[in-house]
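Visitor: Please pick one part of this model and take me through it closely. Then show me what lies around it.

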Amino acid sequence: MPGDLHNHSTCSDGSVPIHRLPLMAARAGLDTMAISDHDTLHSVRYCYEHPVQDGVRLIPATELTGYDYERQHRVHLLCYWPQDCPQLRAHCDIMRQRRNQCCLQSARELEAIYPQFTTEQALEYARDSGVLYKSGIMQALHELGLADSIYGEVYHRLFGWQPRGTVLHSPEYFPVEQVIATARAARAVLVFAHPTVYKSMPLVRRLAAEGQLDGIEIDHPRNSEEDKEECRQLCRKYGLIVTGGTDFHGSNSAHPRPVGTCVTQDDQIERICALAKRYQS
């Protein structure tokens, strides 16, 4: 049976508590799920502690953020079965601090714009993650009737990239090469996430040719058909694992999609698990 290998909970910027996700996968007819919250060990630890829940096998994962400074865009790397190590802990701790600094500054500025808004209300959405995300701020604004959705017109005016949002503050990200080194130190199976989202195909081509990837996430709601086909060719050429995942965020999404919208086939899941055992032996 297929599995959904890309999901987010309230341990990062998703809207659904982590303990509720496995049952959602079971009801979608899946027997495997990876919970891959951003730059955190919360989802990793939860899945190691709950290897099977509601009849669903849970794969520990985290989605690490890096930056391609040559092309000036973010990069997301899915790390499956990572082991706790100083490099991974440091990455997660630093990204937590940097994200909080940026969003707390945004929240202070929003208090001056919207008298109804308070930083304390937004922080209620950070209880599980320890990180104030832009989605948490938007949830507070939506609750107050100051926004009609999480990622709508108000979000783009406040936090958009082009034009730059009025209260946007962006954390400094580690270079993608350093993030790859962190994933390797954690002995994780490394999969390049949704290459279309940040226009990352040039980087994917290079990393695949250099043998720095174990797989590519192809079945994703935001990947273009053109990029999917090229990624399939790269996977065949270099023997890479083909994965798929919904990138589920619950209601914290511009286009909500249920768990199981995009999946990884069973034979590819077994390749991930076998490679993880080899890396950790």
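Guide: Strand 2 (32–35), strand 3 (52–53) and strand 4 are among the elements that cover the buried residues of helix 2. Those buried residues are Ser-43, Val-44, Tyr-46 and Cys-47. Viewed down the helix axis, they fall within an arc of 165 degrees, so they line one face of helix 2. The arc is taken from the directions that run from the helix axis to the C-beta atoms. An α-helix has 3.6 residues a turn, so residues three or four places apart point the same way.

A few ground rules. This is a predicted model, where local features need pLDDT of at least 70 and side-chain atom pairs count only at pLDDT 80 or more, while totals for chains, interfaces and linings use all residues. Numbering starts from 1 along each chain as its sequence is written, and side-chain values use heavy atoms, with hydrogens and water left out. Helices (H or I, at least four residues) and strands (E, at least two) are DSSP runs, numbered from the N terminus. Buried means under 20% relative accessible area, exposed over 50%, and partly exposed in between (1.4 Å probe, protein chains only). Contact means heavy atoms within 4.5 Å.

Asp-39 sits in the loop between strand 2 and helix 2. Its phi is near 45 degrees, a positive value in a residue other than glycine. Asp-39 counts as buried, because its relative accessibility is 4%.

A pocket is an open set of points on a 1 Å grid over the protein atoms alone, with protein on both sides within 12 Å along at least five of seven lines; a cavity is a set where a 1.4 Å probe fits but cannot get out; lining residues have an atom within 4 Å of a point. Points are joined across faces, edges and corners, and a volume is the space filled by probe spheres set on them. The second largest pocket has a volume of about 180 Å³. It is lined by 15 residues, and Thr-40, Leu-41, Cys-92, Asp-93 and Arg-96 are the closest to its centre. Helix 2 (42–49) and helix 3 (86–113) each supply at least two lining residues. Helix 3 gives the largest share, five residues. By class, this lining has five nonpolar, four polar and six charged residues. Here Ala, Val, Leu, Ile, Met, Phe, Trp, Tyr, Cys and Pro count as nonpolar, Asp, Glu, Lys and Arg as charged, and the others, Gly among them, as polar.

Arg-187 lies in the loop between helix 7 and strand 6. Its phi is near 55 degrees, a positive value in a residue other than glycine. Arg-187 is partly exposed, with a relative accessible area of 36%.

The structure holds one cavity of 30 Å³ or more. About 60 Å³ of space lies in the largest cavity. Of its 13 lining residues, Ser-12, Tyr-125, Ser-135, Gly-136 and Gln-139 are the closest to the centre. The lining divides into five nonpolar, seven polar and one charged. Ser-135 belongs to helix 5 (residues 134–143). At 4% relative accessibility, Ser-135 counts as buried. Leaving out residues up to four places away in sequence, Ser-135 touches Asp-13, Ile-150, Tyr-151 and Asn-252.
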